[in-house]
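Welcome, and take a moment to turn the model around before reading on. The paragraphs below will guide you from one part to the next.

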Amino acid sequence: MASQRRRSSAATIAVFFFLLSLLAVFFQPAGAYYHPQGKRQTVAVFWGRNKAEGSLRQTCDTGDYNIVIISFLSVFGHGKYWLDLSGHDLRDVGDDIRHCQSKGVYMLLSIGGDGDGYSIPSSKSAADVAYNLYHSFLGRPRAGIFRPFGDDTIVNGVNFFIDHGPADHYDDLANRINDYNQNIRDPVGIMLTATVRCSYPDPRMKKALDTKLFTQIHVRFYDDPRCSYNHAGLAGVMAQWNRWSARYPNSRIFLGLAAANVTGKNDMVGVGELRRKLLPAVQKTESYAGVTLWNSYYDSKTHYGRYVKHLA
């Protein structure tokens with residue numbers, strides 16, 4: 001219960017009003033994420049991939065982001081768990097999460113990433129991982145389970161970023177996490193989201209996504225020349241965007257973009273191209289929800305997110 005998960009009535013009241021604000025944003029029709037009158041995009045960003053990006057509090061205080069995806073819980077599935085935040089001090093992260101939530105920023109924990117220390121080898125493993133996620137990050141503390149962000153801090157949901165290993169049992173994990181919503185009176189509950197490769201389908205996530213439990217799908221239109229804008233053009237992006245939108249019409253689809261040109265790649269879409277061509281095209285679909293940036297470190301150098309947020 002929400003009142004049992006927070007130490008003071010003041011904190012409970014603050015969380016209540018925060019959840020009401022989330023209802024206004026996350027349970028409106030997908031196309032309503034974009035507000036042309038206010039010239040604001042909904043912007044999500046990955047945080048935790050470089051210590052030089054600044055603290056989580058600093059990231060939220062820019063005002064550039066509506067959603068921050070903390071990345072990554074990079075080891076799980078075999079009785080071991082490891083949270084890799086690139087050297088950020090965990091003692092500060094819990095307070096920063098609550099600070100961000102007080103500003104109306106939605107906080108997700110991303111599991112997986114580009115390492116090879118995770119997999120879900122069985123249904124039992126799925127149940128064990130869901131149990132650990134719930135008691136470590138999503139719900140009530142439990143004796144013997146370490147809470148990296150402290151007993152008072154609860155993230156709003158889980159982002160599946162499954163980039164390596166077999167596809168087995170991520171559907172079981174999604175169902176198991178969703179089952180914990182019966183313990184939660186918060187109107188939003190535990191949100192399930194996914195970050196996928198742009199070429200449809202993403203074989204590691206298809207079974208999980210087909211559970212229809214994922215309210216947000218962040219599609220990475222970078223790191224793949226077959227469907228990144230600078231390599232495949234608008235037609236290449238839209239061919240895949242339309243497939244994702246058609247297959248998951250009840251999910252909110254985010255356009256995943258690189259916030260900088262990483263060495264050896266040319267994936268950052270110019271602001272002019274984004275404004276004139278790419279955004280108008282994806283915004284025609286009912287499922288369009290906003291833009292997801294990789295990542296906050298790159299964005300701290302380019303301030304790409306600030307431009308994106310104000311694009312009409």
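What follows is a short walk through the model's confidence, its helix packing, an aromatic pair and some backbone details.

Let us begin with how the model should be read. It is a predicted model, in which local features need pLDDT of at least 70 and side-chain atom pairs count only at pLDDT 80 or more, while totals for chains, interfaces and linings use all residues. Residues are numbered from 1 along each chain as its sequence is written, and side-chain values use heavy atoms, with hydrogens and water left out. The term pLDDT is the predictor's confidence in each residue, from 0 to 100. The chain averages 89 on this scale, and 87% of the residues score at least 70. Residues 1-38 are where pLDDT stays under 50. For this stretch the model has 65 contacts beyond four places in sequence, a contact being heavy atoms within 4.5 Å.

Now look at two helices, H4 (residues 123-138) and H5 (residues 170-179). Helices (H or I, at least four residues) and strands (E, at least two) are DSSP runs, numbered from the N terminus. The axes of H4 and H5 are 8 Å apart, and the helices pack at an angle of about 40°. Axes here are lines fitted to C-alpha atoms, for helices over the stretch in contact, with angles from 0 to 180 degrees between N-to-C directions. H4 and H5 are therefore oblique to each other; angles under 35 degrees count as roughly parallel, over 145 as roughly antiparallel, 65 to 115 as roughly perpendicular and the rest as oblique. On the H4 side, the contact is made by Ser123, Ala126, Ala127, Val129, Ala130, Leu133 and Leu138. H5 contributes Asp172, Leu173, Arg176 and Ile177.

How do H7 and H8 lie relative to each other, roughly parallel or oblique? The axes of H7 (residues 229-247) and H8 (residues 271-282) come within 10 Å and cross at roughly 20°, so these two helices are roughly parallel. Residues of H7 in the contact are Tyr229, Leu234, Val237, Met238 and Trp241, and those of H8 are Glu273, Lys277, Leu278, Ala281 and Val282.

Aromatic rings come next. The structure holds 16 aromatic pairs, where rings of Phe, Tyr and Trp (its six-membered ring) pair if their centres lie within 6.5 Å; planes under 30 degrees apart count as stacked, over 60 as edge-to-face and the rest as tilted. One of the pairs is the tilted one of Phe46 and Phe72, at 6.4 Å centre to centre with 45° between the planes. This pair links distant parts of the chain, with Phe46 in strand S1 (residues 43-47) and Phe72 in strand S2 (residues 67-75), 26 residues apart.

Finally, follow the backbone. Most residues other than glycine have a negative phi, and most peptide bonds are trans. The peptide bond from Tyr200 to Pro201 is cis, with omega near -5°, and Pro201 sits in the loop between strand S6 (191-197) and helix H6 (206-209). Another cis bond runs from Trp294 to Asn295, with omega near -10°. His169, in the loop between strand S5 (157-162) and H5, has a positive phi near 70°.
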